[in-house]
Each structure stands twice: as structure tokens, then as C-alpha cells.
Amino acid sequence: MFVTGIVKSYGTSDDPVFTETIRQAEIAIENNILPERIYQGSSGSYFVKNPAGKTVGVFKPKDEEPYGRFNPKWTKWMHKLCCPCCFGRACLIPNQGYLSEAGASLVDQKLQLNIVPKTKVVKLVSPTFNYPRIARGKSHVKHAINDHFPNVGRHFHRLGLKPKIGSFQVFVEGYKDAEYWLRQMELEPLSPYLQEQFRLQFERLVILDYIIRNTDRGNDNWLIKYTSPNITITQTPTPPAQSPPYSGDTEMQDATEW
């Protein structure tokens, strides 16, 4: 194993729960429980797990953003290469999406909207991230030198891969894309009370997007958690009708008596 996990967070000294989450992520990586790439979307993002193998967060490296240098999704690379004059949006600063993720969480906390999972900026390293081949080769050579010549290897600044800076968002369970639930609501409309609650939550999302100037909101990048109410209907069971005793001279008058 040529890479060890390193997690470094910023501004988490006052947040012991988040600090413990990333500490567990560090332990998991050191024990070869590595982050897994999320294949949806247009950038490199990863499910990060704890030592028990449970997903605890989503990490989005800065250099793997949609137009980042090491984005593993080739569609955006082709977009930038073939249409350099019209890719992206003028209002966005390239490779700053991870700050926007953390900023949205901060604004959400300050306004007490409670609609954004806690997100902070961290540094994390894993061999499953998209590193260039030369970086992996250098790491391999350094480890080989350190194994055979420890006195030389101890002078290296770093043996493993360079940690990547990015946003780490706490994973939320039981949520699905809005696209899914909106279709379900068309088939099974909500009660008036739930419709009002949903409207209030959605208005909070609109307010947040307006404040942070988010121009990339679609039904595939906001989540809904909805648990259908379990309605149990009980009633006194009706005893089955008793058939009259059969008599050989009884004549069937109607087919329903069969």
C-alpha cells in the first residue's frame, strides 16, 4: 500500500461531531476502506466511508470540478476543448465550486434554514481519487527508496500522494432526487398540510439560492425525504355466513346459492 489517508479540516475545532466524522474517515482510509467515485454528475465526487463501511460524507476535490484539471468525467473536458469560447458561465469563477459548497452550508447555518447538510473544506488523499500517472509514479518511487534506503527516504517531504483540497458534505440518509418524488407526488398528491410544509421548505431553498447566487439548481441536485404515513384501518370482522345444512330434496333456486 503506497498511500495513507490524511484528512485535514478547517474551522472544525468548535464542531466536535464533524471533527469526529472526518477522523473516522481518516481511519477508514488507513485501513483500506477507500472512497468510492460517484458516477452520476459532471465532476469527480466520492462517497467517503467510516471504518464500518457506512457512508458518512461526500467529498468533492477542487481539481476534479466540472472544468477542473483532473476531472475524470470526459464530457466537460471535451466541452472545454472543443468550445473554449462558450463553455461555462461568466458569473462562475473556475475551480471555486468547493468554496461555494461550504459557503452555502455556512449561510444556511447563519439564517437557520436547516436545508443544507453540514459542509466544510477539508484535505483528503486516497488512491481512488483521480491523480495523474506521474504523481502516482513519483509516490511509488519514493516508497521504494524509503524501503531500501530509510536514511534517504526520511528527508522526503511526502511519501504518498498529495492531499486534495475540497468540500466534505455530511451524508444524509433516506433522501432521493427531487425528480423522483415530484413524479410520485403527481400520482399521489400530498395532503393540504404536507403541501403547505413542502411549499415552506421549497421557499427556503429559493431564498438560499438567491442569496448565494446559485444558477445551477435542477431537479437532480436537490433532495427530498418523504415517508408515507402508515394508515391502519381496523374494523370488527364480520363472521362468515353459515350455509344451511344440505338436504337431498332442497332445490337450488339461484346460481348465487351454489
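The legends below describe close-up views of a predicted model.

Residues are numbered from 1 along each chain as its sequence is written, and side-chain values use heavy atoms, with hydrogens and water left out.

**Figure 1. Overview of the protein.** The secondary structure comprises seven helices and eight strands. Helices (H or I, at least four residues) and strands (E, at least two) are DSSP runs, numbered from the N terminus. Of the 258 residues, 26% are buried. Buried stands for under 20% relative accessible area, exposed for over 50%, and partly exposed for what lies in between (1.4 Å probe, protein chains only). Among contacts with a separation of 6 or more, 65% come from residues 24 or more positions apart; a contact means heavy atoms within 4.5 Å.

**Figure 2. Packing of helix α3 against helix α7.** Helix α3 spans residues 97-111 and helix α7 residues 192-212; their axes are 11 Å apart, at an angle of about 125°. Axes are lines fitted to C-alpha atoms, for helices over the stretch in contact, and angles run from 0 to 180 degrees between N-to-C directions. The two helices are therefore oblique to each other. Angles under 35 degrees count as roughly parallel, over 145 as roughly antiparallel, 65 to 115 as roughly perpendicular, and the rest as oblique. On the α3 side the contact is made by A104, V107, D108 and L111, and on the α7 side by L208, I211 and I212. By class, this contact of α3 with α7 has six nonpolar residues, one charged and no polar. Ala, Val, Leu, Ile, Met, Phe, Trp, Tyr, Cys and Pro are classed as nonpolar, Asp, Glu, Lys and Arg as charged, and the others, Gly among them, as polar.

**Figure 3. The loop between β4 and α2.** N71 is found in this loop, between β4 (55-61) and α2 (74-82). N71 counts as buried because its relative accessibility is 11%. Its side chain reaches the backbone oxygen of E65 at 3.4 Å. P66 lies in the loop between β4 and α2 as well, and P66 counts as partly exposed, at 30% relative accessibility.

**Figure 4. The loop between β5 and α4.** S126 lies between β5 (119-124) and α4 (133-148). With 0% relative accessibility, S126 counts as buried. The side chains of S126 and T128 are joined by a polar contact of 2.7 Å. A polar contact is a pair of N or O atoms within 3.5 Å; within protein, one must be able to donate a hydrogen and the other to accept it, and residues adjacent in sequence count only if both atoms are side-chain atoms. Leaving aside residues up to four places away in sequence, S126 touches L34, P35, Y131 and L161. P127 is placed in this loop too and is partly exposed, at 22% relative accessibility. From C-alpha to C-alpha, P127 and L161 are 7.7 Å apart, and in sequence they are 34 residues apart.

**Figure 5. E179 in helix α6.** E179 has its place in helix α6, which covers residues 178-187. E179 counts as partly exposed, with a relative accessibility of 31%. Its side chain forms a polar contact of 3.0 Å with the side chain of R183. E179 and W222 are 43 residues apart along the chain, and their C-alpha atoms are separated by 8.7 Å.

Conventions:
This is a predicted model: local features need pLDDT of at least 70, side-chain atom pairs count only at pLDDT 80 or more; totals for chains, interfaces and linings use all residues.
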